[in-house]
Amino acid sequence: IDRYLPDIESNYVVANNYQGSFELTELLVQKGCENILALNITPSHISSLTERVKGYKDALKKHNISFNDKNLLEISFDNIQNDVREKLTKRLKQGQKIDAIYTLNNHIATACLNVFNEIGFDAKKEGVYFASFDDISLFDFVKPNIISVSQPLEKIGIEAANLALHLIDSKGTDSSAFKKIVLPTSIISRN
């Protein structure tokens, strides 16, 4: 559920991480953003994260915006808050205008919100869009307004349960191809 191993044939149920990231990045570009800072969590080799990064890069490429490797910050899963504090603060102080901050999961987004409060960064006042892959209820109540990618979590659960039940019912004798279920995401734009 929510990831797969590309080199191993198996059943899986995932959200379309590539599509969600591509559409979110494209929306930011359509709002006039060219210098989009993305924060990814390590280990970044997990399928959901590699697809989000690919969607981000491909959307930039589609709009003739060069990818700058300094705009992809790697955040340690084991030290999210401190890593975001250190890397985001350093990047914001470099003086180069950032049009948008895009976090590739909600834990990084929450850490960014904490850093914004700590350093007194007002994204709206600075003209910086804030976006996140994943959508949590907290995003309805905070400033700045967060543009997010919503995953169909309930549908993922239902599909995974149905797949497991099918495997149990067939007692492993179903020789049909592995089922690879990829479900669409949606963009939530808060005004």
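Predicted model: local features only at pLDDT ≥ 70, side-chain atom pairs only at ≥ 80, totals over all residues.
Colleague: How many helices and strands does the protein chain hold, and in what order do the elements run?

Modeller: From the N terminus on, the order is β-α-β-α-β-α-β-α-α-β-β-α-β-β. In total, the secondary structure comes to six helices and eight strands.

Colleague: Why is the protein chain said to be as compact as a globular protein of its length?

Modeller: For 191 residues the globule rule gives 16 Å. The radius of gyration of the protein chain is close to that value, so the chain is as compact as a globular protein of that length; the radius is 18 Å.

Colleague: What does the C-alpha trace span along its principal axes, and what share of the residues is buried?

Modeller: The C-alpha trace spans about 60 × 35 × 30 Å along the principal axes. Among the 191 residues of the protein chain, the share that counts as buried is 45%.

Colleague: What share of the contacts with a separation of 6 or more joins residues 24 or more positions apart?

Modeller: The count is limited to contacts in the protein chain with a separation of 6 or more. Of these, residues 24 or more positions apart account for 78%.

Colleague: How far apart are the mean positions of the positive and negative charges, and what part of the accessible surface belongs to carbon and sulfur atoms?

Modeller: The protein chain carries 22 positive and 24 negative charges, and their mean positions are 5 Å apart. Its accessible surface comes to about 10400 Å², and the part belonging to carbon and sulfur atoms is 52%.

Colleague: How many aromatic pairs are there, and what is the geometry of Tyr 56 and Phe 67?

Modeller: The structure holds five aromatic pairs. In the pair of Tyr 56 and Phe 67, the centres are 6.1 Å apart and the planes stand at 85°, a geometry that is edge-to-face.

Colleague: Where do Tyr 56 and Phe 67 lie in the chain, and is each buried or partly exposed?

Modeller: Tyr 56 belongs to helix H2 (residues 47-62), whereas Phe 67, 11 residues away, sits in the loop between H2 and strand E3 (72-76). Buried means under 20% relative accessible area. Tyr 56, at 1%, therefore counts as buried, while Phe 67, at 32%, is partly exposed.

Colleague: Why is the pair of Phe 116 and Phe 121 tilted?

Modeller: Both residues are buried, Phe 116 with a relative accessible area of 4% and Phe 121 at 16%. Their ring centres lie 5.0 Å apart and their planes are at 45°, so the pair is tilted.

Colleague: Which residues do ring pairs link into a cluster?

Modeller: Tyr 56 and Phe 67 form an aromatic pair. The cluster linked by ring pairs comprises Tyr 56, Phe 67 and Tyr 102.

Terms used:
Residues numbered from 1 in each chain as written. Heavy atoms only, no water. Helix = DSSP H or I, 4+ residues; strand = E, 2+ residues; numbered from the N terminus. Rg over C-alpha atoms; globule rule 2.2 N^0.38 Å. Buried < 20%, exposed > 50% of the residue type's maximum accessible area, 1.4 Å probe, protein only. Contact = heavy atoms within 4.5 Å. Areas by Shrake-Rupley, 256 points an atom, 1.4 Å probe, with all protein chains shown as cover. Lys, Arg positive; Asp, Glu negative; His and termini not counted. Charge placed at Lys NZ, Arg CZ, Asp CG, Glu CD. Phe/Tyr/Trp six-rings, centres within 6.5 Å; stacked < 30°, edge-to-face > 60°.
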